[in-house]
Amino acid sequence: MNKSAILLFSFIGIGHFLSAASSVDIDSLVSLISANNGSFPQEQASNAAIIQSMKTENNLPDPEVDFSHVWKQKGAGTKYDFGVSQSFDWPGTYSARNKAVRTTALAMDYKSLQNLCDLRLKIKQTLFEAINSHRKISLYGEALATVDSLIRIVERNVEKREVSVLDANRLRIERIGFATKYNEASVAYNDACNRLVEFNGGKPCEDILKLMEREEFSMSLRPLAEYLEECAVFDPRLSYNSMMSQAYGDQAKAVRNSTLPGFSVGYKHVYELGDRFNGFSVAMSLPFFSGKGKRKAKEMEAEAFRLESELGDIEVNTRIVNEHSRAGVLKKQIDEYSAIFDKEDHIRLLNRAFEARQLRIADYLSDLIYFTDAKSDFYDLEYQYALQLASLNRFEWLAEGK
C-alpha cells in the first residue's frame, strides 16, 4: 500500500482541464498524453531529414573549371586554355525527381499518422489496464480487511476454545492467498502507471490516474460493417500504401529519365601563339553502363510493395473480423455476470448471514473466496472486452476529428 500510494501521489497534476471534467473522456486523456509523447515529433524530424536528403540528390552537379598550360618546344610559342562547364541530366529528370520527393513526403506523413494511431491504442490499453488493476486492488483490499477483522475475532475465540486452531490457521492461509492477489494487482497497477508516465514524455500525470480510479468500462460494440467501413475510410495505412505506390511510379520515371543522355555546356578561352580564342563546348554522356538495371530494380521494388500492401489488407480485415467476434463472445459473458452482480451485493449478503450465525467460519470463508474471485473474473472479462473495442475503435478519433 505504501509503494502504491507513493507512486500515485508523487505525480504532479496535468492541468485544469482534467480537474474540471465531470466525467472521464478516455479519448481526450489519450490525446493529452500522446501530445506529450516525443516519438511523433521525433519521427517527423527524421522524415524531414530524409526528405531533405532526397532533395539534395536532385541538385545540379558542381560546375567544373579546367585549365591547361603547354610550354614551347623547339621554338614554338606558349599555349594555354581555360574553361568552365556545367553538366546536367536529361531535362525531364529533375521534375520527375521533384514529384517523387513530394509523393514520398506525403506517404511518410501518412506513415507517421499510422504510428500515432498505434501509439494512441497503446496508451488507451494502458489506461484500461490501470482501471482494471485498481478495481482489483479495491476488491481484494476489501476482502483482506474482512479477513483481518475475522482473524481478530477468531483468535479471541481460540483462546476461549470456542473455535478450533484449524479454523484459525485456515483463515491465515487464505489471507495469504488474498494478499498475493492484492499484491499482483498492485504490481500491475504500478507498472501501468510507470508506462503512462513514459508515454506522457516523462511528465507526471496524477490527475489522470485519479480519474482512472473512478472510471468504469462503458463502451458498446457496433456492427461489424461500421468498423470495416471506418477502417476503409480513415486507416492511414491505406493512404500510405496508395501514396507510396504513386511515389514508386514517380521514382521509376525519374530513374528512366536518368538513363537518357546527359549534357554538359561550357565556355572556353584559348591562348595560342599570341592569339586568343573564345568559344563554347558541348558534351553528351551516354549512360550505357551506369543506368543498367536501375529501372528494373525500381519496378521490382514497386511490385514487392504492392504484394506487401495486399497482404496487409487481408491481415487488417481478418483482425477486425476476429476482434469483433471475440468482443461479441465477451459481451455475452459480461451480460451473464452482470445479471448476477448488478442484482445483489453478495459480499454484503454473505456478511449478514455470517453475523446472524447462519454460516460456519469454513463455509463463510469458502463463499467469500468464491464470490471475490468470481468478481475478479468479471472485471477481467470487462477489461478484455475493453481491449478488443479499443483496437476496433483505433480510427474513431480520426472520424470524429479529435
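This is a predicted model: local features need pLDDT of at least 70, side-chain atom pairs count only at pLDDT 80 or more; totals for chains, interfaces and linings use all residues.
## Starting from Glu129

In which helix is the place of Glu129? Glu129 sits in helix α5. With a relative accessible area of 17%, Glu129 falls under the 20% cut-off, so Glu129 counts as buried. If neighbours within four places in sequence are set aside, Glu129 is in contact with Ala188, Asp191, Ala192, Arg195 and Tyr383.

## The overall picture

Let us step back to the whole chain. The protein has 13 helices and four strands. Of its 402 residues, 38% are buried. Among contacts with a separation of 6 or more, 81% are between residues 24 or more positions apart.

## Nonpolar cores

In soluble globular proteins, nonpolar side chains tend to be buried together. Here, the largest nonpolar core holds 64 residues. Within this core, the members that touch the most others are Ile33, Ile123, Leu127, Phe128, Leu171 and Phe178. At least two residues of the core come from each of α3 (26-36), α5 (92-159), α6 (165-199), α7 (206-214), α8 (224-234), α10 (294-341) and α12. Helix α5 is the one that gives the most, with 18 residues.

There is also a second, separate core, made of seven residues. Its members include Tyr240, Met243, Met244 and Tyr248.

## Helices α9 and α10

Two packed helices are described by the angle between their axes and the distance between the axes. For α9 and α10, the angle is about 170° and the axes are 9 Å apart. An angle over 145 degrees counts as roughly antiparallel, and α9 and α10 are therefore roughly antiparallel to each other. From α9, the contact draws on Arg237, Leu238, Tyr240, Asn241, Met244, Ser245, Tyr248, Gln251, Ala252, Val255 and Arg256. From α10, the residues taking part are Lys294, Arg295, Lys298, Glu301, Ala302, Phe305, Ser309, Gly312, Asp313 and Val316. Sorted by class, the contact of α9 with α10 has nine nonpolar, five polar and seven charged residues.

Arg306 also lies in helix α10. Its relative accessible area is 35%, so Arg306 is partly exposed. Arg306 and Met244 are 62 residues apart along the chain, and their C-alpha atoms are separated by 9.4 Å.

## Aromatic pairs

Across the whole structure, a search finds eleven aromatic pairs. One of them joins Tyr240 and Phe305: the ring centres are 5.9 Å apart and the planes lie at 75°, so the pair is edge-to-face. This pair links distant parts of the chain, with Tyr240 in helix α9 (residues 236-258) and Phe305 in helix α10, 65 residues apart. Both Tyr240 and Phe305 are buried.

Tyr370 and Phe371 form another edge-to-face pair, with 5.4 Å from centre to centre and 80° between the planes. How exposed is Tyr370? Its relative accessible area is 56%, so Tyr370 is exposed. Phe371, at 22% relative accessibility, counts as partly exposed. Ring pairs also link Tyr337, Phe341, Phe378 and Tyr379 into a cluster.

## Helices α11 and α12

Helix α11 (residues 346-355) packs with helix α12 (residues 361-392) at an angle of about 175°, and their axes are 10 Å apart. These two helices are therefore roughly antiparallel to each other. On the α11 side, the contact is made by His346, Ile347, Leu350, Asn351 and Phe354. On the α12 side, Ile361, Tyr364, Asp367, Leu368, Phe371 and Thr372 take part. The residues of this contact divide into seven nonpolar, three polar and one charged.

## Ser391 in helix α12

Ser391 is also found in helix α12. Buried or exposed, what is the state of Ser391? With a relative accessible area of 4%, Ser391 is buried. Apart from its neighbours within four places in sequence, Ser391 is in contact with Leu121, Arg319 and Glu323. Ser391 and Gln125 are 266 residues apart in sequence, while their C-alpha atoms are 8.7 Å apart in space.

Notes:
Residues are numbered from 1 along each chain as its sequence is written. Side-chain values use heavy atoms; hydrogens and water are left out. Axes are lines fitted to C-alpha atoms, for helices over the stretch in contact, and angles run from 0 to 180 degrees between N-to-C directions. Angles under 35 degrees count as roughly parallel, over 145 as roughly antiparallel, 65 to 115 as roughly perpendicular and the rest as oblique. Contact means heavy atoms within 4.5 Å. Ala, Val, Leu, Ile, Met, Phe, Trp, Tyr, Cys and Pro count as nonpolar, Asp, Glu, Lys and Arg as charged, and the others, Gly among them, as polar. A nonpolar core is a set of buried Ala, Val, Leu, Ile, Met, Phe, Trp, Tyr and Cys residues joined through side-chain atoms within 4.5 Å. Buried means under 20% relative accessible area, exposed over 50%, partly exposed in between (1.4 Å probe, protein chains only). Rings of Phe, Tyr and Trp (its six-membered ring) pair if their centres lie within 6.5 Å; planes under 30 degrees apart count as stacked, over 60 as edge-to-face and the rest as tilted.
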